[in-house]
Amino acid sequence: MASGFKVANLTINTGAIFNNNTKNIGIIGNLLVNRTILNSSKGNFTFSGLSNTIAGSTPAITIFNAVFSGTYANNVTVFNVVNNLTGIGTLTNSASKTLTIGRNATLTTLTATATNNTVIYTRLAAQTVKPTTYYNLTLSGSGVKTLASVVVNGTLSMQGTARVIVAPTYGTAAKLEYNRTSPLAAGPEWLPTFTATGGVSIINTGIVTSNSAKVFNSSVPLTVANDSGGGLDNGGFAISGGGSLTLANDANLYLSGTSTFPSGFTTNTIGATSTVEYNGTAQTVAVQNYGNLSLSNPGNKTFAGAT
């Protein structure tokens, strides 16, 4: 192998220091890392074994380029691929493990269906998501993340300033999560009618603004758990449902235009320190047990009854 070496099995034990900045390393067997961190800031790791593992007691390993021509399972808690994940082989991300991908994922087979495993796309630019079925899929960094033939059975988490122009296919129990510190106008990922029973959850400090009327099927929840000024802005569109609505303590719900409070939910749980703000024009203030109620902007606010 040019500018590198090839081994049957590579074991890096506690106390050892492994920094690969330039070399290409070929592994025919297993990679076992018991060191706190394996760092590879440049070069390729090529995995060519059959039915092998990436494992060890280390909480995380970092590899610049990972090339798979064999069949491997990732059993490390966090496997960071800084740049490209490529090859004609197979990588399986095991249950409760995390795989991060910094650039391209053109590996022939990525299996990411194990319970609670997570794949994170982190590039600070446009990035194409490997077409496959995911348990948890996180889109972070920035730019458009291109989804085609992508299925999410667990949680789709929208982070950083990433956005999509095509929605994934949601499994029956999937959840859409917004975990952002900056504002976002919801895109196609928030379907007009949300049927997956995990529902939609908005956390962290970023405000998510709805882009259309939203309907939640029976037993599908909407949870707003932001703080520090974050929350959900309905964009003036109606929100209705048949499941539960939760507005947690310190969370914010902004109602604009002529819209009113979300309707039809079987259970409304409104935290004592949450805030609902009617900031539109002519609006009807729904009868609810509000935590904090704010009325702003010109226009008549009509109380439908005692609140």
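These are my notebook entries on one predicted protein model.

**Ground rules.** I number residues from 1 along each chain as its sequence is written. In this predicted model, local features need pLDDT of at least 70 and side-chain atom pairs pLDDT 80 or more, while totals for chains, interfaces and linings use all residues; side-chain values use heavy atoms, without hydrogens and water.

**Whole chain.** I looked up the elements and found zero helices and 40 strands (DSSP runs numbered from the N terminus: helices are H or I, at least four residues; strands are E, at least two). The C-alpha atoms fill a box of roughly 75 × 35 × 30 Å along the principal axes. Of the 307 residues, 48% count as buried (under 20% relative accessible area, 1.4 Å probe, protein chains only).

**N226.** I found N226 in the loop between strand 31 (222-224) and strand 32 (231-233). Is N226 buried or exposed? N226 is buried, with a relative accessible area of 0%. A polar atom of its side chain lies 2.9 Å from the backbone oxygen of G206. Beyond its neighbours within four places in sequence, N226 is in contact (heavy atoms within 4.5 Å) with residues including T205, G206, G231 and D250.

**Cavity.** I searched the whole structure and noted one cavity of 30 Å³ or more (on a 1 Å grid over the protein atoms alone, a set of points where a 1.4 Å probe fits but cannot get out; lining residues have an atom within 4 Å of a point).

Methods: Buried means under 20% relative accessible area, exposed over 50%, partly exposed in between (1.4 Å probe, protein chains only). A polar contact is a pair of N or O atoms within 3.5 Å; within protein, one must be able to donate a hydrogen and the other to accept it, and residues adjacent in sequence count only if both atoms are side-chain atoms. On a 1 Å grid over the protein atoms alone, a cavity is a set of points where a 1.4 Å probe fits but cannot get out, and a pocket is an open set with protein on both sides within 12 Å along at least five of seven lines; lining residues have an atom within 4 Å of a point. Grid points are joined across faces, edges and corners, and a volume is the space filled by probe spheres set on the points.
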